[in-house]
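Me: I have a structure open and want to go through a few of its contacts. Can you take my questions one at a time?

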Amino acid sequence: MIRLCALEELANHASRGFTLRERPIFVVRQDHEVFAYHNRCPHLGIALEWQPDRFLDADGELIQCSTHGALFTIDDGLCVSGPCSGQSLQPLTVAIREGEVWLSLAD
C-alpha cells in the first residue's frame, strides 16, 4: 500500500487528485469514508477534473466529467447522467489507517 495523504489534508465532501506511477487517480472524502478512482472518464478516456482537485459537481454530491458533464455517484462510480450512462469509473482500493489515507498497489 502507498500513503496518499493524511485524512485531515482531504476536506470533507471534497476531492483531490494524485499521480502514482504515471497514472492519474483521485479520491473523494465523504465524512469518514474515502473513495478512490482512476482519473479517466469511461466515455472518452480523458481526465475528469476541470481544475486541479475539482472532481465534484457544484453541490459536491456527484463526480462530474468536465468535458461532457457526465455525473457519477461517489460511492460506486456509476454514471447516472451523460454520454456514458450505465458505465462506471474504475475503482481503486483505499483504506484509512491511523488518520492516513492509503491506496492498494494491487489495483
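**Strands and salt bridges**

Reply: Keep in mind that the model is predicted. Strand β9 (residues 94–97) and β10 run antiparallel and are joined by 4 bridges.

Me: Which residue in β10 is the bridge partner of Val94?

Reply: Leu103 is the partner of Val94.

Me: And how many residues sit between β9 and β10?

Reply: The two strands form a hairpin with 2 residues between them. Glu98, in the turn, has a positive phi of about 50°.

Me: Which side chains of β10 are buried?

Reply: Val101 and Leu103, which point to one face.

Me: New topic. How many salt bridges does a search of the whole structure find?

Reply: It finds 2. In one of them, the side chains of Arg3 and Glu100 meet at 3.0 Å, N to O. Arg3 lies in strand β1 (residues 2–6) and Glu100 in strand β10 (residues 100–103), so the pair ties together parts that are 97 residues apart in sequence.

Me: How exposed is Glu100?

Reply: Glu100 is partly exposed, at 25% relative accessible area. Arg3 is also partly exposed, at 36%.

Me: Which residue does Glu9 form a salt bridge with?

Reply: Arg16, with the closest N and O atoms 3.8 Å apart. Glu9 is partly exposed at 46%, and Arg16 is partly exposed at 25%.

Methods
Residues numbered from 1 in each chain as written. Predicted model: local features only at pLDDT ≥ 70, side-chain atom pairs only at ≥ 80, totals over all residues. Heavy atoms only, no water. Salt bridge = Lys/Arg side-chain N within 4 Å of Asp/Glu carboxyl O. Buried < 20%, exposed > 50% of the residue type's maximum accessible area, 1.4 Å probe, protein only. Pairing = 2+ DSSP bridges.
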